[in-house]
Every structure is written in C-alpha cells, then in structure tokens.
Amino acid sequence: MWERAPAREQHWRLVVSDRYTLYGWHLSYFTGKAMCYLRYKQIPFTQKPVDMVTLMWRIKRKVGAAVMPVVVTPDGQWIHDTSCIIDHLEARWPEPSVHPATPVQRFASYWMEAWGDEWWVPMAMHTRWTYPENYALFEREAGDALLPWMPRFVKRRAVKFVATTLRRMLHFVGVRPPQMPVMDAWMDEMLDLLDAHFAQQRFLFGDRPQLGDFGLVGSMYGHLGRDPWPARELVAPRPHLRAWIDRMSQPEPTSDRTASGQSVLLANDAIAPTLTPVFQAMAREFLPLLEGINAQVKAKLQDWPAGKPLPRRLADVQVPMGQGQFRRAALPYTLWMAQRTLDVFHGMDAQEQAQVRDWLRRMGGERLLALDIPRLKMHGVCVALDLEAATRPCAADPKG
C-alpha cells in the first residue's frame with residue numbers, strides 16, 4: 001500500500017511487506033547496473049546468484065529468455081532489461097529521482113545510458129576474454145553460482161560450456177584481432193577523459209548519480225572494475241575513475257549529501273566542459289552506428305512478417321572509432337535504446353526541444369534527432385515492429 005511520507009521528505013514512498021529480489025551475478029555487465037541503482041535508491045532487495053535451474057527454467061519461463069539480471073517484485077512480477085527495471089522502480093520509488101529535471105541534462109542522461117549499455121559491450125568483452133588471467137575469477141564465481149551443490153570438476157565443465165558460448169559472441173560484437181589495437185587506443189583515450197571528468201565532478205552531471213551514470217557503470221563495475229587485468233591495467237592508474245566506480249557500487253545515503261548543503265546537479269542545465277569531448281565522440285561514433293542499424297532494420301522490415309521479432313543480429317556495420325574504423329554486427333535492440341532517448345525529446349515542449357537541439361548541434365550530434373526509427377517494442381532479448389505504434393512504458397509480464 002501507499003502512505004504519505006513525512007512532510008520534510010515531500011514525496012510518496014511505497015511501503016512493502018517484502019523485499020525485491022535481484023537475480024544476477026557480480027560478473028554480469030547489466031547486473032552491476034541494476035545493483036548500483038537499487039543500492040543508491042535504498043530499495044530493500046536481496047541479491048541472489050543465478051543457478052542453472054533458475055536461469056534455464058524459471059527465468060526463461062517468466063520473461064521468455066535465459067537472461068540476467070531479473071528483478072522480482074514483492075507482488076510477483078518478473079522484470080528483465082535494466083531500462084525497464086529502472087522505469088518500473090522509478091514509478092514506485094520516485095525520490096531521489098535519477099532523471100534530471102532540466103531538458104539538456106535529462107536528454108544527455110538518457111543518451112549516455114544508451115551509449116553505456118550498447119557501445120561499451122565490445123570493450124567489456126574484449127578486456128574479459130582477451131586476457132587469460134581473468135578466467136580464474138570467472139570460473140570460480142560462475143561455477144559456484146550455476147551449480148552450487150556440485151563438486152568443483154563438474155562446475156568447471158559447466159563454466160567451460162558457458163565461456164565457450166560467450167566467446168562465440170566476440171566476433172559479432174566486434175572483438176576481432178585486427179580491431180583490438182583500435183579498441184585499446186580508444187579505451188585509453190576515453191578512460192582518460194572520464195578520469196579527468198571525475199576529478200572535478202562526483203558523478204556525470206553533478207553531485208548525484210543519474211540514469212546516465214547507471215548506464216555507464218555496467219561495463220565499469222562487472223568487467224573493467226572487477227576482472228583482474230583491466231582493474232589493474234586500466235582502472236587502477238585512473239584513481240578518479242576508480243573512486244567513481246566505488247561511489248556507484250557503495251553509495252552513501254543521499255541524506256548525507258543533501259545535509260551538506262551542496263547542490264545536486266550543475267546549475268542552469270549545464271553539462272560539464274569535461275564531458276564535451278565524450279559527447280562529441282558519441283556523435284562521431286555511436287550516432288553512425290545507430291544510423292547503420294536503422295538502415296538495415298528498415299530494409300529488413302520491407303518483407304518481414306508483421307509483428308515477428310527481428311533477428312538478434314543483422315549484417316556488419318562499419319563506424320569510426322577514435323583514429324580508426326570498427327566493424328560489428330548490427331543489433332536491432334540498440335535502436336530500441338535510441339528510440340527511448342528520442343521519446344524523451346519528443347515529450348518536451350518547443351522551448352525545451354530548442355535547448356536540446358542547440359546543445360546537440362554544439363556536440364555535432366543534431367542528426368540524432370532526424371533518426372526516423374520504425375516504432376519498436378521489446379520481445380524477450382529481441383525487438384519487433386510495434387504494430388500499435390504507441391508510446392508506452394516498459395511492461396512487466398507477471399505471468400509465468
């Protein structure tokens with residue numbers, strides 16, 4: 001049920017008789033995103049590792065795919081996809097909001113979430129699977145989670161199968177030996193930029209984490225920040241980035257920050273100058289990826305059965321990356337994340353839209369607003385054409 005919070009808090013809160021359950025591994029890219037969000041919002045939850053039965057039977061039956069993380073609500077809804085999880089929980093635990101109130105920061109935060117969710121996947125998989133020293137941690141944690149009741153040699157066999165499956169994905173996301181030097185150089189430059197930003201700001205947009213922070217932390221917590229090689233070689237030499245990852249994973253109570261009298265986000269809807277080169281890189285690199293995927297999706301839909309989910313991946317797209325070029329398979333789901341960002345823009349009034357357009361023009365990304373994406377809806381881990389063509393929030397399916 002709902003009760004009115006004390007007047008000094010000035011918001012509604014949900015009083016629950018039970019906790020939320022987060023199914024996911026610390027090793028998981030997106031589990032880190034959901035875990036950091038739940039901790040920051042101080043939402044009561046229990047994190048449970050995903051064993052083989054839960055992954056291949058319970059989760060698959062409830063949400064239509066063997067995925068993690070999944071959040072189970074106190075009333076029994078099973079929700080997958082971290083963007084949908086956050087949307088669902090923000091509606092029930094609105095304070096402190098992870099959505100800036102001003103238009104440019106709000107739009108930039110959603111765009112940053114899409115970039116963190118989609119662009120960084122090849123980097124995270126490259127740093128995990130290219131360096132053998134990371135495997136011991138993966139083998140131990142994944143084995144203990146998948147088959148906690150089995151002897152170690154059985155766990156090793158199960159993990160070997162999982163690792164082989166994940167390694168087969170490397171080519172499709174662009175982790176290909178000829179491209180690794182380009183990826184390494186790009187990461188060095190981008191991580192330096194982020195470290196410089198966090199030397200001046202506690203979070204992306206000021207003194208509190210916003211949606212963009214949670215999008216970015218997925219790759220940084222579970223992969224770059226925990227796997228031995230990237231944690232030592234990429235994160236440790238950048239102490240301000242390391243401190244941000246730690247703040248995200250172990251947030252201090254929000255009341256401690258507000259009591260200090262510090263402002264929450266940068267004033268006047270400002271984006272810190274230290275983020276300018278990051279957003280400019282997103283315009284040069286991530287935007288062409290979206291355009292390339294969109295062209296393929298539109299071509300595919302011309303003779304695709306109405307409402308049938310699109311393939312998980314399509315043909316390769318080539319885009320700029322730093323000083324080089326990068327090829328990877330086009331994932332139609334990435335367009336759903338872009339559509340989510342554009343929905344924020346289309347929900348603004350004319351003055352707010354003008355402010356966002358002006359900011360994007362200065363970042364070199366105004367073409368994002370012209371991205372005419374066919375209306376898509378989620379279908380498990382895929383997307384399908386939304387025949388109703390209506391904007392709606394993410395829907396959780398409570399049925400099993």
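Buried residues make up 55% of the 400 residues in the chain. The model is a predicted one. Its secondary structure consists of 16 helices and 10 strands. The radius of gyration of the chain is 21 Å, and the globule rule gives 21 Å for 400 residues, so the chain is as compact as a globular protein of that length. The C-alpha trace spans about 60 × 50 × 50 Å along its principal axes.

Contacts were then examined by separation in sequence. Among contacts in the chain with a separation of 6 or more, 74% join residues 24 or more positions apart.

The surface and the charges were considered next. The chain exposes about 17300 Å². The chain carries 49 positive and 42 negative charges. The mean position of the positive charges lies 7 Å from the mean position of the negative charges.

The relative accessible area of E388 is 62%. Exposed residues are those over 50%, so E388 counts as exposed. The position of E388 was also compared with that of G364. The two residues are 24 residues apart in sequence. In space, E388 and G364 are 33 Å apart, C-alpha to C-alpha.

Conventions: Residues are numbered from 1 along each chain as its sequence is written. This is a predicted model: local features need pLDDT of at least 70, side-chain atom pairs count only at pLDDT 80 or more; totals for chains, interfaces and linings use all residues. Side-chain values use heavy atoms; hydrogens and water are left out. Buried means under 20% relative accessible area, exposed over 50%, partly exposed in between (1.4 Å probe, protein chains only). Helices (H or I, at least four residues) and strands (E, at least two) are DSSP runs, numbered from the N terminus. The radius of gyration is taken over C-alpha atoms; the globule rule is 2.2 Å times the number of residues to the power 0.38. Contact means heavy atoms within 4.5 Å. Accessible areas come from the Shrake-Rupley method with a 1.4 Å probe; for residues, only the protein chains shown count as cover. Lys and Arg count as positive and Asp and Glu as negative; His and the chain ends are not counted. The place of a charge is taken as NZ of Lys, CZ of Arg, CG of Asp or CD of Glu.
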